[in-house]
Amino acid sequence: MLRIRHIDLKQVVSVTTDGAPAMVGKDQGAVTRMKENNPDLIAYHCLIHQTVLCASLSEHFAEVMNTVMKLINFLRACSSLQHRLLREFLEDVEANANDLLSHNNVRWLSKGNALGRFWSIQKEIAAFLKQLKSQRATQFSLFLQEEHKMDVVAFLVDITSHLNELNLKLQGKNSSVADLMTAVRSFQRKLDIFKEDLEGECEHFPKLQEQIRGERDVSPYVDFINKLIGNFSQRFDSFCLGQQLLLLIQNPFLIREIKGFSQEASQTYKWAHAGSLQLELIDLQANAELREHFEATDPATFWLQLVSESVFPGLTKVALHTLTMFGSTYS
């Protein structure tokens, strides 16, 4: 592909993968073979994909989630007549919505919207199921009456809404790898707040708060948040671009750890000279005109058009290399 498109591999800065063996295999993976011709190539796993992998469900939570999805399928897809009757019933009782949402079975995170819709009309769904004369309808009715399992559903509605919010931020148009990592770092800090909140007022978990009313054990949900914290830390704390280096793209005038920045840059880009970067950054931050330009434009335009390559050769090269990096394999 690189030859067909006349791309010089030695000019490629980075490659983002989906983690598949064909891409990252130790011996014959595409990244390994590319590094044979470009040892300085930076390779990393798609940030969006990694966040999804962080949010794996426990066996019990997965069982509850799957049961809700089966219930939705039963009401929507079992028969066109039943689906029509459901919609008519929801309209008659003036429910908050007139239908359930379909969902994607590939990853449980994509089921968040369907789960939220289900929760908003769960009482009407329970009433509709009681009208149906079938064994499956009875089984689903019994499921909806199990408080403990409904507690889990309420928690899943809340946590998937938070995770979906992160996912949408990561899919923002024209987002740089710095933008994506900022969203991830922010979410990591939110997880600490979520953990404390679960042990207190549950302000960030309104559906769970409504369901349990402070009367039941929340430790399983705290455990889930702890697992999320650990998974995000394991996958992102050692990301190849350090926080000071990313700050160069977002706002170079906020970098205070000059030496820390130069170390991160020289570790990531072997050709970068730490001492030169330190002096250039000091000069850049002292330039009032450039500071005004930065505040009036976006980071890409600032580095591509407004910062002089002849005056700041090291900084512009580091910035442009970083701006070329895709944070995700999703277009």
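User: What relative accessible area does C54 have?

Analyst: In this predicted model, local features need pLDDT of at least 70 and side-chain atom pairs count only at pLDDT 80 or more, whereas totals for chains, interfaces and linings use all residues. Residues are numbered from 1 along each chain as its sequence is written, and side-chain values use heavy atoms, with hydrogens and water left out. Buried means under 20% relative accessible area, exposed means over 50%, and partly exposed is in between, computed with a 1.4 Å probe on protein chains only. C54 counts as buried, because its relative accessible area is 2%.

User: How many disulfides are counted?

Analyst: A disulfide is a pair of cysteine sulfur atoms within 2.5 Å. C240, which is partly exposed at 29% relative accessibility, has its sulfur 13 Å from the closest cysteine sulfur, in C46, which is too far for a bond. By this rule the count of disulfides comes to zero.

User: Which residue holds the cysteine sulfur nearest to C54?

Analyst: C54 is in no disulfide. The nearest cysteine sulfur is 12 Å away and belongs to C46.

User: What is the phi of C202?

Analyst: Helices here are DSSP runs of H or I with at least four residues, and strands are runs of E with at least two, numbered from the N terminus. C202 is found in the loop between α10 and α11 (206-212), and this residue counts as buried at 5% relative accessibility. Although C202 is not a glycine, its phi is positive, at about 60°.

User: Which residue's backbone oxygen does the side chain of T160 reach?

Analyst: T160 lies in helix α9 (residues 147-170) and counts as buried, because its relative accessibility is 0%. A polar contact is a pair of N or O atoms within 3.5 Å; within protein, one must be able to donate a hydrogen and the other to accept it, and residues adjacent in sequence count only if both atoms are side-chain atoms. At 2.5 Å, the side chain of T160 reaches the backbone oxygen of L156.

User: At roughly what angle do the axes of α13 and α14 cross?

Analyst: Axes are lines fitted to C-alpha atoms, for helices over the stretch in contact, and angles run from 0 to 180 degrees between N-to-C directions. Angles under 35 degrees count as roughly parallel, over 145 as roughly antiparallel, 65 to 115 as roughly perpendicular and the rest as oblique, and α13 and α14 are therefore roughly perpendicular to each other. The axes of α13 (residues 243-250) and α14 (residues 258-268) come within 7 Å and cross at roughly 100°.

User: How far apart in space are F261 and Q278, C-alpha to C-alpha?

Analyst: F261 is found in helix α14 and counts as buried, with 0% relative accessibility. Leaving out residues up to four places away in sequence, F261 is in contact (heavy atoms within 4.5 Å) with Q244, L245, L248, I255, L277, L281 and L315. F261 and Q278 are 17 residues apart in sequence, while their C-alpha atoms are separated in space by 8.0 Å.
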